[in-house]
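This report goes through one protein structure by region, with attention to charged pairs, strand pairing and backbone geometry. The sequence and the model are shown first.

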Amino acid sequence: MKKIFFLFFGVFLAVAGLNAQVSGGINDGLNYGFTLIPTIDNSVEEVEGSPYLDENFSRGVVHIEGKEPLEVYLRYNVVEERMEIKTNIQSPRIYQLPAGNRAVYELGNKTFLLDKISSEGKTVYGYFIKLFDGKNYRLLKKPVAHYTEGEKASTGYGKNKPGRITIKEEYFVIPNSGGAVHVRPKSKDIKNAFGEEAKEYLKNNEVKSELDLQNFVAFLDKN
């Protein structure tokens, strides 16, 4: 099993002549100053599963500091850590913002942001979903793609087994002091990670879902 954080399916084309200035709304193109780069998708092998959090494009909003919000259609490519953009849902053209652009994306009830955190001596960089943002603690969720390699048929009569992509979720509790705590939404993880801080909470509460984890972090933030 391998974690896939970067390029698997395709490459993007950063050619100045193909840059497009998009703004004003979904269909016009005036004065927002967003530079969108066309993407190219080159599938390299047969793979089961989807690299996307959701295959379909949905209405969303792109926020960049100093610019007006841009209403577009979005979907998140977990494998490539890439937010894909359409300015018109009917158009076949798919764009992305230039690499390193610290945009914030609102997609449905989710807020995606580019961040870099330190957890268990490792740096985790990429897109996270913001679940809680308090005065003392944050809770971020990171969709992570795992790739299982395919297998060739053992005989000429058999069939090759294709590779497979599965999307899993990882959670990070981040105090203002720094140093993210990597946990699962489970009481055992919370108890092991937070000790006495969690003891009082777990007397009357269980942590076994994402919402439970959000409630626990809100408790930490107040106490």
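## Arg-184 and Asp-189

In this predicted model, Arg-184 and Asp-189 form a salt bridge, and their closest N and O atoms are 2.9 Å apart. Arg-184 counts as partly exposed, at 45% relative accessibility, whereas Asp-189 counts as buried, at 14%. The structure holds 10 salt bridges.

Salt bridges with shared partners also join Arg-75, Glu-80, Arg-82 and Glu-84 into one network.

## The pair Arg-75 and Glu-84

Arg-75 is buried, with 11% relative accessibility. Glu-84 is buried too, because its relative accessible area of 1% falls under the 20% cut-off for that class.

## Strands β7 and β8

The strands β7 (70-77) and β8 (82-86) run antiparallel and are joined by five bridges. Their hairpin has four residues between the strands.

β8 is mostly covered, with five of its five residues buried. In a regular strand the side chains alternate between the two faces of the sheet. Both faces of β8 are covered: one side carries Arg-82, Glu-84 and Lys-86, the other Met-83 and Ile-85, and all of these residues are buried.

Glu-81 lies in the loop between β7 and β8. Its phi is positive, at about 50°, although Glu-81 is not a glycine. Most residues other than glycine have a negative phi. The relative accessible area of Glu-81 is 13%, so this residue counts as buried.

Which residue forms a salt bridge with Glu-81? The partner is Lys-142, and the closest N and O atoms of the two are 2.9 Å apart. The pair links distant parts of the chain: Lys-142 belongs to strand β13 (residues 137-148), Glu-81 to the loop between β7 and β8, and 61 residues separate them. Lys-142 is buried, with a relative accessible area of 0%.

## Strand β13 and its partners

Of the 12 residues of β13, 10 are buried, so this strand is largely enclosed by the rest of the structure. β13 pairs with β12 in the antiparallel sense through four bridges.

## Glu-120

A positive phi also occurs at Glu-120, where the value is near 55° in a residue other than glycine. Glu-120 is found in the loop between β11 (110-119) and β12 (122-133). Is Glu-120 buried or exposed? Glu-120 is exposed, with a relative accessible area of 63%. Glu-81, in contrast, is buried at 13%.

## Helices α1 and α2

Helix α1 covers residues 187-194 and helix α2 residues 196-204; their axes come within 6 Å and cross at roughly 145°. From α1, the contact is made by Ser-187, Ile-190, Lys-191 and Phe-194, and from α2 by Glu-196, Glu-197, Ala-198 and Leu-202. Sorted by class, the contact has four nonpolar, one polar and three charged residues.

## The chain as a whole

The protein chain has three helices and 15 strands. It has 223 residues, of which 42% count as buried. Among contacts between residues at least 6 apart in sequence, 53% join residues at least 24 apart. The accessible surface of the chain comes to about 13,000 Å², and carbon and sulfur atoms account for 47% of that area.

How values were computed. Residues numbered from 1 in each chain as written. Predicted model: local features only at pLDDT ≥ 70, side-chain atom pairs only at ≥ 80, totals over all residues. Heavy atoms only, no water. Helix = DSSP H or I, 4+ residues; strand = E, 2+ residues; numbered from the N terminus. Buried < 20%, exposed > 50% of the residue type's maximum accessible area, 1.4 Å probe, protein only. Contact = heavy atoms within 4.5 Å. Areas by Shrake-Rupley, 256 points an atom, 1.4 Å probe, with all protein chains shown as cover. Axes fitted to C-alpha atoms, helices over the stretch in contact; angles between N-to-C directions. Nonpolar A, V, L, I, M, F, W, Y, C, P; charged D, E, K, R; others polar. Pairing = 2+ DSSP bridges. Salt bridge = Lys/Arg side-chain N within 4 Å of Asp/Glu carboxyl O.
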